[in-house]
Amino acid sequence: MSTINFAAREINFKLVYYGPGLSGKTTNLKQIHAHVPGESKGEMVSLQTEDERTLFFDFLPLDLGKVNGFKTRFHLYTVPGQVFYNASRRLILRGVDGVVFVADSAPNRQRANAESLRNLRENLTEHGLSLREVPYVIQVNKRDLPDALPVDMIRAVVDPEGLAPCFEAVAQHHQGVIEPLKAVSKLVLEKLAQRA
Ligand SMILES: Nc1nc2c(ncn2[C@@H]2O[C@H](COP(=O)(O)OP(=O)(O)O)[C@@H](O)[C@H]2O)c(=O)[nH]1
Ligand SMILES: [Mg+2]
């Protein structure tokens with residue numbers, strides 16, 4: 001749920017990058033952080049385990065223009081993908097305004113994509129939410145892999161209804177990184193406008 005800070009005339013939104021372990025979530029945030037102009041971003045905080053994978057979250061506030069005189073500030077988070085960090089994933093989804101699902105194109109990660117979507121639905125339910133109401137976009141990452149699965153096959157698994165905007169990406173080369181961020185931000189702002 002977006003929060004409004006009247007004193008600072010600022011609306012805060014929370015975007016969460018979800019998906020299986022090693023699909024490229026942290027890479028997305030690093031790429032975004034590297035390409036956003038200095039004055040409009042905060043520090044990136046990355047908590048890592050011994051094996052260098054995300055433990056809790058990366059945090060990146062972004063200012064993307066104004067709505068009715070209020071500044072908008074997007075807080076970007078990633079979740080740890082490993083199965084055993086579910087408590088952290090559930091916690092990070094609290095108050096979520098939009099989700100970017102980062103799917104992995106590797107054939108041997110298709111089951112992990114499916115399992116992560118199942119886990120996302122379950123954790124949203126814990127917060128009384130569902131993918132019907134939370135803006136949701138798909139990034140099909142690692143399109144550079146020589147054995148990448150067809151996009152439609154991956155999409156069928158992570159967006160069975162075929163309703164979510166879907167973008168192909170090679171996140172480590174900054175391809176297809178900004179588009180899903182823009183798409184989810186737009187959906188989140190549209191939702192806010194409907195409520196007002
Ligand atoms: N081949 C390929 N590897 C990628 C791509 N994006 C990220 N990676 C690599 O995948 C690994 C996991 O990425 P990371 O962002 O840490 O995944 P996370 O667990 O989802 O946060 C790293 O070695 C990345 O360099 C991509 O588009 N193509
Ligand atoms: Mg990570």
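**Exercise 1. Find what holds an oxygen atom of ligand 1.**

Start at T27: an N or O atom of its side chain lies 2.6 Å from an oxygen atom of ligand 1, a polar contact (a pair of N or O atoms within 3.5 Å). Now turn to K25, where a polar side-chain atom is 2.6 Å from an oxygen atom of the ligand. Finally, look at cover: of the 590 Å² of accessible area that ligand 1 has on its own, the protein covers 76% (Shrake-Rupley method, 1.4 Å probe).

A word on the model: it is predicted, local features need pLDDT of at least 70, side-chain atom pairs count only at pLDDT 80 or more, and totals for chains, interfaces and linings use all residues. Residues are numbered from 1 along each chain as its sequence is written, chains are lettered from A and ligands numbered from 1 in the order written, and side-chain values use heavy atoms, without hydrogens and water.

**Exercise 2. Describe the aromatic pair of F13 and F74.**

Begin with geometry: the centres are 5.0 Å apart and the planes 25 degrees, a stacked pair (ring centres within 6.5 Å, planes under 30 degrees apart).

Technical notes. Polar contact = N/O pair within 3.5 Å; in protein donor to acceptor, adjacent residues only side chain to side chain. Phe/Tyr/Trp six-rings, centres within 6.5 Å; stacked < 30°, edge-to-face > 60°.
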